[in-house]
Amino acid sequence: MTVALGVLASGRGSNFQAIVDAIHNGTLDAVVKVVLSNKASAPALERGRAHQIPSIFVDPKPFAESPNPREAYDVAVGQVLNEHGVEAVVLAGYMRIVTPALIRQFPWKIVNIHPSLLPSFPGLHAQRQALEWGAKVSGCSVHFVTEGVDEGPVIIQRSVPVLEDDTEESLSARILEQEHEALPRALQWLAEGRLVQDGRRVTVAPAGDLESKAPERTNRL
Ligand code: GRF
């Protein structure tokens, strides 16, 4: 089933591009209905326009005066996503913490890509954190978004070595290559309805097995 995606991005948008490329080459059965950013100048919006995808800047400033600015902003974001018929939301370099106001609208339908092997190195500058920690292996994680930052159940992880002469840039580039493969793959599983959640554990049902015989406590997403 083709899944209707909304992409939230604050910057470069290379993960968004990987999604578009995977759709074009037939490995991801999805359509990007809208790209939305909290930054007017985000290159991700330029990329969206280049692909004739509605690309929308939602300015956080007008919400600053509301009693709960972050929630109010997310209500507005949810409205834009709904207006465009979005079924699942991808945080692809989105530099805002999403609140329950958005999470409630898309239960088990928001995924994030993070450049570390979670639960190691959540938050900002994950690649720098890995280097400074002296980790020998790092990578990326695609996970469901829950209220805790970078805490939601992991769908897929890819690892890369941390080399002795790595800089933040060289490690980030090595991880990014893996991000560009892992994210479309996770989204394809979502599109196929193959993700099964059991507490924190997410497994991938065999292709074609839509009538899962999984135990009752599990949740077919
Ligand atoms: C990626 O490293 C992603 O894991 C992190 O932010 C970066 C976004 O890169 N959340 P891009 O905008 O997709 O190129």
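Trainee: Which residue is the bridge partner of Val196 in E10?
Mentor: Val196 is partnered with Arg220 of E10. Keep in mind that we are looking at a predicted model.

Trainee: Okay, and how many bridges join E8 to E10?
Mentor: Two bridges join them, and E8 and E10, the latter covering residues 219-220, run antiparallel.

Trainee: What about E8 and E9, in which sense do they pair?
Mentor: E8, residues 195-198, pairs with E9, residues 201-204, in the antiparallel sense, and four bridges link them.

Trainee: How many residues sit between E8 and E9?
Mentor: Two residues lie between them, and E8 and E9 form a hairpin. Look at Gly199 in the turn: its phi is positive, about 60 degrees.

Trainee: So what's the strand order in the sheet?
Mentor: The order is E9-E8-E10, in an open sheet of three strands with antiparallel pairing. E9 and E10 are the edge strands, each of them pairing on one side only.

Trainee: Let's switch to helices. How far does H6 reach from its first C-alpha to its last?
Mentor: H6 spans residues 168-191, so to speak 24 residues, and reaches 33 Å, close to the 34 Å expected at 1.5 Å a residue. Just after H6 comes Gly193, with a positive phi of about 65 degrees.

Trainee: At what angle do H1 and H6 cross?
Mentor: Roughly 50 degrees, and their axes come within 9 Å. H1 and H6 are therefore oblique to each other. The crossing of this pair, H1 and H6, is right-handed.

Trainee: Which residues meet there, from H1 and H6?
Mentor: From H1 you have Ser14, Asn15, Ala18, Ile19 and Ala22. On the H6 side they meet Leu176, Glu179, His180, Leu183, Pro184 and Leu187. Sorted by class, the contact of H1 with H6 has seven nonpolar, three polar and one charged residues.

Trainee: And H1 with H2, what's the packing angle there?
Mentor: About 20 degrees, with the axes of H1 (residues 14-24) and H2 (residues 43-50) 9 Å apart. That makes H1 roughly parallel to H2. The crossing of H1 and H2 is right-handed.

Trainee: Who makes the contact between H1 and H2?
Mentor: Ser14, Phe16 and Gln17 of H1 make it with Ala44, Arg47 and Gly48 of H2. By class, the contact of H1 with H2 comes to two nonpolar, three polar and one charged residues.

Trainee: Where is the place of Pro119?
Mentor: You'll see Pro119 in the loop between E5 (110-114) and H5 (126-133).

Trainee: Last one: does Gln52 have a positive or a negative phi?
Mentor: Positive, about 55 degrees, although Gln52 is not a glycine. You can find Gln52 in the loop between H2 and E3, the strand at 55-57.

Trainee: Great, thanks for walking me through that!

Terms used. Residues numbered from 1 in each chain as written. Predicted model: local features only at pLDDT ≥ 70, side-chain atom pairs only at ≥ 80, totals over all residues. Heavy atoms only, no water. Axes fitted to C-alpha atoms, helices over the stretch in contact; angles between N-to-C directions. Parallel < 35°, antiparallel > 145°, perpendicular 65-115°, else oblique. Left-handed = near helix turned anticlockwise from the far one by under 90°. Contact = heavy atoms within 4.5 Å. Nonpolar A, V, L, I, M, F, W, Y, C, P; charged D, E, K, R; others polar. Pairing = 2+ DSSP bridges. Expected span 1.5 Å × (residues − 1).
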